[in-house]
Amino acid sequence: MDYQFHQFGPPDNSSLSGEIKITTQPGTTCTCQLILIHALRCCLKLREQDCHCFEGMKRIVAFVLYGFLVLLLLILLMNSLFFCHSHCMTCLNLLKPGICKDGWMSFRESCYLLSTTVTTWIKAQSLCITQGGHLLVLNNVEELDYISSVVQIYSNYWIGLVERHQEGHWTWVDGTDFASTPTFWDEGQPDNWAFRENGEDCGQLHASDRRKRKRWNDADCSLQYQYICESRA
């Protein structure tokens with residue numbers, strides 16, 4: 001009895017299929033031969049099944065990893081959107097295009113117009129009213145810092161601060177309680193300079209030699225300076 005095993009494919013055992021041939025001498029019993037053949041074929045099938053099982057496991061692992069990656073990206077995206085919503089609303093509120101008239105600038109809920117000409121305080125307030133606003137009223141330090149960042153540093157600007165009835169009693173033109181807002185007087189101000197015939201009863205943003213937070217100064221209302229108008233957005 002001769003046993004011959006023929007393997008199909010390359011000799012590097014990369015293929016798991018094969019064929020078994022057994023030749024016997026005439027008249028020889030082949031029961032053992034059939035058992036051997038069946039055993040060998042079962043081994044080959046088991047090897048093929050193991051290989052298919054391994055390939056399937058690789059696919060499952062790949063799908064799991066891909067799903068995990070997608071989930072991670074979704075979490076990062078949601079965190080980014082939450083961060084933008086929570087921390088960038090201030091940026092969006094600083095400049096809202098289209099809500100102010102041409103030539104006006106937007107900050108939060110107000111619009112601002114910086115004049116390019118000079119005039120007295122009374123005339124400046126009148127011009128602001130005709131455009132639907134009033135001279136600038138500074139409610140907080142954030143608003144002052146914004147204005148300080150856009151004005152010309154070497155210029156004085158009239159704002160909506162005035163002494164109307166008695167010395168030292170300052171009021172805002174829109175009726176805002178002066179005591180409810182922070183004050184930003186320049187050093188030594190207000191001084192109501194006595195050399196001025198009309199006194200110094202109107203407030204202005206002081207000029208400076210560099211870009212910094214503007215400070216207030218009291219000045220003669222009859223002098224001519226640039227001015228800043230404010231209106232609701």
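Q: How many salt bridges does the structure hold, and what makes a contact a salt bridge?
A: The structure, which is a predicted model, holds two salt bridges, the term being kept for a side-chain nitrogen of Lys or Arg within 4 Å of a carboxyl oxygen of Asp or Glu. Residues are numbered from 1 along each chain as its sequence is written, and side-chain values use heavy atoms, with hydrogens and water left out. Local features need pLDDT of at least 70 and side-chain atom pairs count only at pLDDT 80 or more, whereas totals for chains, interfaces and linings use all residues.

Q: Why is the contact of Glu109 and Arg232 called a salt bridge?
A: The side chains of Glu109 and Arg232 meet at 3.1 Å, N to O, and the cut-off is 4 Å, so the pair is a salt bridge. The pair links distant parts of the chain, 123 residues apart, with Glu109 in the loop between strand E3 (105-107) and E4 and Arg232 in strand E10; strands here are DSSP runs of E with at least two residues, helices runs of H or I with at least four, numbered from the N terminus.

Q: Why is Arg232 called exposed?
A: Arg232 has a relative accessible area of 62%, and exposed means over 50%, buried under 20% and partly exposed in between (1.4 Å probe, protein chains only), so Arg232 counts as exposed.

Q: What makes Arg213 and Asp145 a salt bridge, and which parts does the pair tie together?
A: The closest N and O atoms of Arg213 and Asp145 are 2.7 Å apart. Arg213 lies in the loop between strand E8 (202-205) and strand E9 (216-219) and Asp145 in helix H4 (residues 141-150), so parts 68 residues apart in sequence are tied together. Arg213, at 36% relative accessibility, is partly exposed, and Asp145 is partly exposed with a relative accessible area of 31%.

Q: Why is the pair of Trp158 and Tyr225 called edge-to-face?
A: Rings of Phe, Tyr and Trp (its six-membered ring) pair if their centres lie within 6.5 Å, and planes under 30 degrees apart count as stacked, over 60 as edge-to-face and the rest as tilted. The ring centres of Trp158 and Tyr225 are 5.2 Å apart and their planes stand at 75°, so the pair is edge-to-face. Trp158 lies in strand E6 (residues 157-163) and Tyr225 in the loop between E9 and E10, so the pair ties together parts that are 67 residues apart in sequence.

Q: How do you know whether Trp158 is buried or exposed?
A: Trp158 has a relative accessible area of 0%, so Trp158 is buried.
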